[in-house]
Amino acid sequence: MRIALIAAVKRTTSGELRAELMLGGRRVLEWQADLAQALGCDRIICLCDAPTNTILALQRAVEGAGAEFHAIRGNIQLTSLVRTDDELVMIRDGLVIDRQTALNSVSSGEVSGLGIATLPANDVLAQSYAEDFERIDRDRHWAGLAIMRAGQVQQLADLPPDGDPMSLLLRLGLQGRTQCRDIGAVLEQPQNWLLAVDDEMLAKREATLIDAAVTVPSALSPSKAVAAATVRALAPRGIESGAEVGVAIACAAMLAGVALTGFGYGIVGLALAAVAAFAGNFADALASLRENLWSRKRSGKLDLARVICIECGAALAAVLAYVQFSDAGLTAKIALPILALGLLYLAGKPGKTRLASFWSDRALHLALLAIAATSGHLDAALAVFGLLALADLLLHDMLPSAKSES
């Protein structure tokens, strides 16, 4: 079994636990638990003076995901939770490490690798925080991450009980000839290996992390671009459950827009449907940010619910509005909006056409349809949308070498 050892003991100059500082919408301790699970740990052990609300909440989350979590106070408890044939992952108190950087630096991209990450003695982190990144020989300091055999853990019972378990285990691991891996070359971006020492420093790094995690849509999809910019401006607020709330709002607004359209308020209904589609874009941007920033896999069911709600609602709102504003026969009233929106959907799939980004922007299309309806040209707008989307689809098929834009 692979076991993670993390800690929530050290405090900032203002008295806060480093492990409970916020970074990117979550606690430092949550970042560490996420990294431990990415490194293949089935059990997480947290050293603490006493279980705090943060630790208890993390315990519920870890156990809810099927892993084990233990909060302990000392070395003796640790020896009872680790067997000699286990592997131990140690992460320094308050250290936040990018997942891929950790995999590359300690295990060369392989979860099964072992090693002690080290910094050169002249590294800024080693010089600024020598107590945390302790010296292991003349030229190297510990970088705060190690994956090693757990056989040495039992030796803690013979050592002073008030010693730092991580420091003691580091020495025992070095004595056991665990391989050292110099990570100085991978720390070109400071946010990839970050020691949480105060809120001000974390705020600066947080902005860099979020900027790197935000997905910037094409300018051909203006409502999606606005949604992404709004998410970036609000982040890290809403990352935890904003995507789910956004989808719920989008579905409720779409139902209201369809209802208004059905009751004869076609322009208002189409406008509200456009707002619903924008809420869907906002939820999608939040889900992408959460996936990129927290490495939390997107919910396929949530994405499916959002797409079905927006696409079906848009088609139904267009049909009901066209019935209201058109003098054509019933078949034409139903067929034209469905054909137009169906072609928009097909043309908007990634890589399907050269203008896929534009054809996927349902909020923009519904807003333009609402504007067209105010001047009595809803039928013309639907026909133009459908014909242009069809032309782009045909052109893409006839010119397969053309580069598609997602």
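Which residues is Leu289 in contact with, leaving aside its neighbours within four places in sequence? The list runs to Ile210, Ala213, Val214, Val231, Ala235, Ile239 and Trp294. Please keep in mind that this is a predicted model.

**Overall shape and make-up**
- The chain contains 15 helices and 11 strands.
- Its radius of gyration is 27 Å, whereas a compact globule of 406 residues would come out near 22 Å.
- Along the principal axes, the C-alpha atoms fill a box of roughly 90 × 45 × 40 Å.
- If you look at contacts with a separation of 6 or more, 73% of them join residues 24 or more positions apart.

**Surface and charge**
- Of the 406 residues, 49% count as buried.
- The accessible surface of the chain is about 18600 Å², and carbon and sulfur atoms hold 58% of that area.
- On the charge side, you will find 36 positive and 42 negative side chains.
- The centres of these two sets of charges lie 3 Å apart.

**Nonpolar cores**
- The largest nonpolar core has 64 residues.
- Those with the most contacts inside this core are Leu29, Ile44, Val89, Leu145, Trp193, Leu289 and Leu293.
- Helix α10, which spans residues 266-294, gives the most to this core, with eight residues.
- There is also a second, separate core of 36 residues, and Cys309, Leu341, Ala347 and Leu378 are among them.

- Ala227 sits in helix α8, which covers residues 222-234.
- Is Ala227 buried or exposed? Ala227 counts as buried because its relative accessibility is 0%, and the cut-off for buried is under 20%.
- Beyond its neighbours within four places in sequence, Ala227 is in contact with Phe278, Asn281, Phe282 and Ala285.

- Gln32 has its place in helix α1, made up of residues 28-38.
- Not counting residues up to four places away in sequence, Gln32 touches Ile6 and Ala7, together with Ile91, Arg92, Asp93, Gly94 and Leu95.

Definitions and conventions
Residues are numbered from 1 along each chain as its sequence is written. This is a predicted model: local features need pLDDT of at least 70, side-chain atom pairs count only at pLDDT 80 or more; totals for chains, interfaces and linings use all residues. Side-chain values use heavy atoms; hydrogens and water are left out. Helices (H or I, at least four residues) and strands (E, at least two) are DSSP runs, numbered from the N terminus. The radius of gyration is taken over C-alpha atoms; the globule rule is 2.2 Å times the number of residues to the power 0.38. Buried means under 20% relative accessible area, exposed over 50%, partly exposed in between (1.4 Å probe, protein chains only). Contact means heavy atoms within 4.5 Å. Accessible areas come from the Shrake-Rupley method with a 1.4 Å probe; for residues, only the protein chains shown count as cover. Lys and Arg count as positive and Asp and Glu as negative; His and the chain ends are not counted. The place of a charge is taken as NZ of Lys, CZ of Arg, CG of Asp or CD of Glu. A nonpolar core is a set of buried Ala, Val, Leu, Ile, Met, Phe, Trp, Tyr and Cys residues joined through side-chain atoms within 4.5 Å.
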